[in-house]
Amino acid sequence: MESKAKSFVHCSYVLSLVLFSFLGIQDSVQGRLLAVSKPDPKNAAAHARWLVSQNYWGVLNTISSDLGGAPFGNVVSFSDGLPNKGSGIPFFYLTALDPTARYAMKDHRSSLTISEYPIGTCGKRDPENPACAKITLTGKLVLVDNNSKEAEFARSALFTKHPEMMEWPKDHNFKIFKLEIEDIFLINWFGGAKPLTVDQYLHPKIRNQLASILLKPL
């Protein structure tokens, strides 16, 4: 049954990529397939959602109970949904054998920092260059109810993007966490951080932007 589940997840992901390519809304960067083309930096919400959906990993920061409350950053994998169906909410597959999960269960305050650089769309720009976008989502890192529909969505999102996770040791007791976003810091061009509320981020006007592009006279 487990092998069939893995095959199903893998096939679903491959099919999604094929469909996106067929529809002509997919770019290739350094051999990677991008589900959606990079939005205009002026559209902060769309750009932020693109940055989160296209990335595979980031630095998750928690409050260390072992280091007197000092911030503790850790490289973690995440997913916000299936290809081209991201929710904007990052989900994680963590074990309490790692400090990040332990700290979060004592103090939920957390932040996730993501860079455009790993996606491969920054060209020759330095990762610190403001034109190479970066985003920090700040909020609370909380456990997801394992029997909920949200957990089902999260497992599908995580195992599709990171199929290796299904092979990780069962005795490590990995659990699903999510970041409840309370604040967004986005830099995607010179001139300082882009004003962006959580509501704007979660409900971007991507469809309207795409429609205007499609309807624009040649």
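A: Gladly. Buried means under 20% relative accessible area, exposed means over 50%, and partly exposed lies in between. Please keep in mind that this is a predicted model.

Q: What makes Cys-132 count as buried?
A: Its relative accessibility is 0%, so Cys-132 counts as buried, given that the cut-off is under 20%.

Q: How do you know that Cys-122 and Cys-132 form a disulfide?
A: Their sulfur atoms are 2.0 Å apart, and the criterion asks for a pair of cysteine sulfur atoms within 2.5 Å. The pair therefore qualifies. The structure holds 1 disulfide. The link of Cys-122 and Cys-132 is right-handed, with 80° about the S-S bond. Both Cys-122 and Cys-132 lie in the loop between β6 and β7, 10 residues apart. As for Cys-122, a relative accessible area of 3% is under the limit, so this residue is buried.

Q: Why is the pair of Phe-72 and Tyr-103 called edge-to-face?
A: Two values decide this. The ring centres are 5.5 Å apart, and rings pair if their centres lie within 6.5 Å. The planes make an angle of 85°, and over 60 degrees counts as edge-to-face, so the label follows. Phe-72 belongs to strand β4 and Tyr-103 to helix α3, and 31 residues separate them, so the pair links distant parts of the chain.

Q: Why is the pair of Trp-168 and Phe-174 called tilted?
A: The centre-to-centre distance is 5.1 Å, with 40° between the planes. Stacked needs under 30 degrees and edge-to-face needs over 60, so the angle of this pair leaves it tilted. Trp-168, at 26%, is partly exposed, while Phe-174, at 18%, is buried. Ring pairs also link Trp-168 and Phe-174 with Tyr-93 and Phe-159 into a cluster. The count for the structure is 8 aromatic pairs.

Q: What makes the charged end of Arg-49 sit over the ring of Tyr-201?
A: The charged end of Arg-49 is 5.6 Å from the centre of the ring of Tyr-201, and the distance limit is within 6 Å, together with an angle within 35 degrees of the ring normal. The charged end of Lys-161 likewise sits over the ring of Phe-78, 5.8 Å from its centre.

Q: How do you know that Asn-74 counts as buried, and which side chains does it make polar contacts with?
A: Asn-74 has 18% relative accessibility, so it counts as buried under the 20% limit. Asn-74 is found in strand β4. Its side chain has a polar contact of 2.8 Å with the side chain of Asp-98 and another, of 3.0 Å, with the side chain of Thr-100. Both distances fall within the 3.5 Å limit. Leaving out residues up to four places away in sequence, Asn-74 touches Gly-58, Val-59, Leu-60, Asp-98 and Thr-100.

Q: Which residues have the most contacts inside the largest nonpolar core?
A: The largest nonpolar core has 39 residues, and those with the most contacts inside it are Phe-92, Leu-94, Leu-112, Ile-135, Leu-137, Leu-196 and Tyr-201. At least two core residues come from each of α2, β5, α3, β6, β7, α4 and β8. Leu-196 touches Tyr-201, with Ala-44, Ala-45, Ala-48, Ile-184 and Leu-186 also among its contacts.

Q: How many helices and strands are there in the protein chain?
A: There are 6 helices and 8 strands. Of the 218 residues of the protein chain, 41% count as buried.

Technical notes: Residues are numbered from 1 along each chain as its sequence is written. This is a predicted model: local features need pLDDT of at least 70, side-chain atom pairs count only at pLDDT 80 or more; totals for chains, interfaces and linings use all residues. Side-chain values use heavy atoms; hydrogens and water are left out. Rings of Phe, Tyr and Trp (its six-membered ring) pair if their centres lie within 6.5 Å; planes under 30 degrees apart count as stacked, over 60 as edge-to-face and the rest as tilted. Helices (H or I, at least four residues) and strands (E, at least two) are DSSP runs, numbered from the N terminus. Buried means under 20% relative accessible area, exposed over 50%, partly exposed in between (1.4 Å probe, protein chains only). A polar contact is a pair of N or O atoms within 3.5 Å; within protein, one must be able to donate a hydrogen and the other to accept it, and residues adjacent in sequence count only if both atoms are side-chain atoms. Contact means heavy atoms within 4.5 Å. A nonpolar core is a set of buried Ala, Val, Leu, Ile, Met, Phe, Trp, Tyr and Cys residues joined through side-chain atoms within 4.5 Å.
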